[in-house]
Amino acid sequence: MTMPKTIALFFVALCTLTLPFSAVAGQAITRVSDRQPVSLQQLCAKAEAADLVMIGEVHDQTAHHDLQLEVIRQLKARKLPLAVGVEVMQSDNQKELDAFLAGTMSEADFQPVFARNWSYDWRLYRDIFLFARDNKIPMIALNVPKELVIKVSRQGYATLTAEERRKLPEGTTCDVNNPHTEFLKQSFGEIFKRSARGRVFDYFCEAQTLRNSGMATNISLYRKKAPKTKIVALTGIWHGVKNAIPEQLSRSGAKLSTLVVMPEIAEFSGGKASPEVIDYLVSFPSP
């Protein structure tokens, strides 16, 4: 079964969803547990105590990347052992990422590598990558190979061959009986119901679970190599919420304390953000 064009476009947008942050007028941070406003410094103090800090993004929003960079800056200034995990790079491109960070691959040579991994503009992420390179912060290529995600989203996980499954990080699963599947149903079920029938939504959930599990596995593997390192993971919103990558980490037995920071979007506005899903919500002024 092939995926209808409308769903394919939606899936790509979702999955492949500078001034310093302090200079962005009008931003506001809310602690979701009690709906209280907090400062960026207060947020970073909590982040300092967590093993894993998930910071979500809408991929084409510059302000979201400014927030990510400023939290990384603040944590680096506290002289913490730090690594940055990124959805925008696939794990089979870790060597190229390491070469860029080591300075043995130029920015000009790295940009085509980035473009093969991610469809959004390099300039949206450039400052984060350069800050990591210039400050010798390791980066983790979190994502699973793109061609496998596309195949699962169109045809289902069962169609992956044994050879294709060997390309996934060891330990990656595709069990859609997880809280994130129900979360996706509530958020996107109606869109799929209006646009397509059959197993398309099931395949979408399988692809999301595959990516969440793969990224969680790569985080866990890195922590085993560097157990005292704090990881700041930068992903799309629907991968970073508590029932996505953090839930997959918990399922695999990884005992990491996690802080989840998300930009405000329509699904989280008007008091709809839940502490079961998000710890801190950041709103930005309208452009």
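Is Phe-100 buried or exposed? In this predicted model, Phe-100 is buried, with a relative accessible area of 0%.

The model holds 13 aromatic pairs. One of them joins Phe-100 and Phe-129. Their ring centres lie 6.5 Å apart, and their planes meet at 55°. Now place the two rings on the chain. Phe-100 sits in helix 4, residues 94-102. Phe-129 sits in helix 6, residues 122-134. The pair therefore ties together parts that are 29 residues apart in sequence. Phe-129 is buried as well, at 1% relative accessibility.

Move on to Phe-110 and Trp-122. Here the ring centres are 5.6 Å apart and the planes stand at 70°, so this pair is edge-to-face. Phe-110 belongs to helix 5, residues 107-117, and Trp-122 to helix 6. The contact therefore ties parts that are 12 residues apart in sequence. Both Phe-110 and Trp-122 are buried. Step back, and these residues join a wider group. Ring pairs link Phe-100, Phe-110, Phe-114, Trp-118, Tyr-120, Trp-122, Tyr-125 and Phe-129 into a cluster.

The largest nonpolar core has 46 residues. Among those with the most contacts inside this core are Phe-110, Phe-114 and Phe-129, along with Ile-72, Met-89 and Met-139. Helix 6 gives the most to the core, with 8 residues. What does Met-139 touch, leaving aside its neighbours within four places in sequence? Its contacts include Val-84, Val-86, Leu-97 and Leu-101. Met-139 also meets Ile-128, Phe-129 and Ala-132. Gln-94 and Asp-98 are in contact with Met-139 too. A second, separate core has 30 residues, including Ala-244, Ala-254, Leu-256 and Ile-278.

Next come the charged side chains. Side chains of opposite charge can pair when their charged atoms come close. The model has 13 salt bridges. In one of them, Arg-126 pairs with Glu-107, with the closest N and O atoms 2.6 Å apart. Arg-126 lies in helix 6 and Glu-107 in helix 5, so the bridge ties together parts that are 19 residues apart in sequence. Helices 5 and 6 are also the ones that hold Phe-110 and Trp-122. Arg-126 is partly exposed, at 30% relative accessibility. Glu-107 is buried, at 19%.

Arg-223 is buried, with a relative accessible area of 14%. Asp-51 is partly exposed, at 22%.

A local bridge joins Arg-73 and Glu-70, at 3.3 Å from N to O. The two are 3 residues apart in helix 3 (residues 62-77), which means about one helical turn separates them. Arg-73 is partly exposed, at 30% relative accessibility. Glu-70 is buried, at 10%.

Asp-175, Glu-247 and Arg-251 are linked in a network of salt bridges. Arg-165 instead lies over the face of Tyr-157, at 4.4 Å from the ring centre.

Technical notes: Residues numbered from 1 in each chain as written. Predicted model: local features only at pLDDT ≥ 70, side-chain atom pairs only at ≥ 80, totals over all residues. Heavy atoms only, no water. Phe/Tyr/Trp six-rings, centres within 6.5 Å; stacked < 30°, edge-to-face > 60°. Helix = DSSP H or I, 4+ residues; strand = E, 2+ residues; numbered from the N terminus. Buried < 20%, exposed > 50% of the residue type's maximum accessible area, 1.4 Å probe, protein only. Lys NZ or Arg CZ within 6 Å of the ring centre and 35° of its normal. Core = buried A, V, L, I, M, F, W, Y, C linked by side-chain atoms within 4.5 Å. Contact = heavy atoms within 4.5 Å. Salt bridge = Lys/Arg side-chain N within 4 Å of Asp/Glu carboxyl O.
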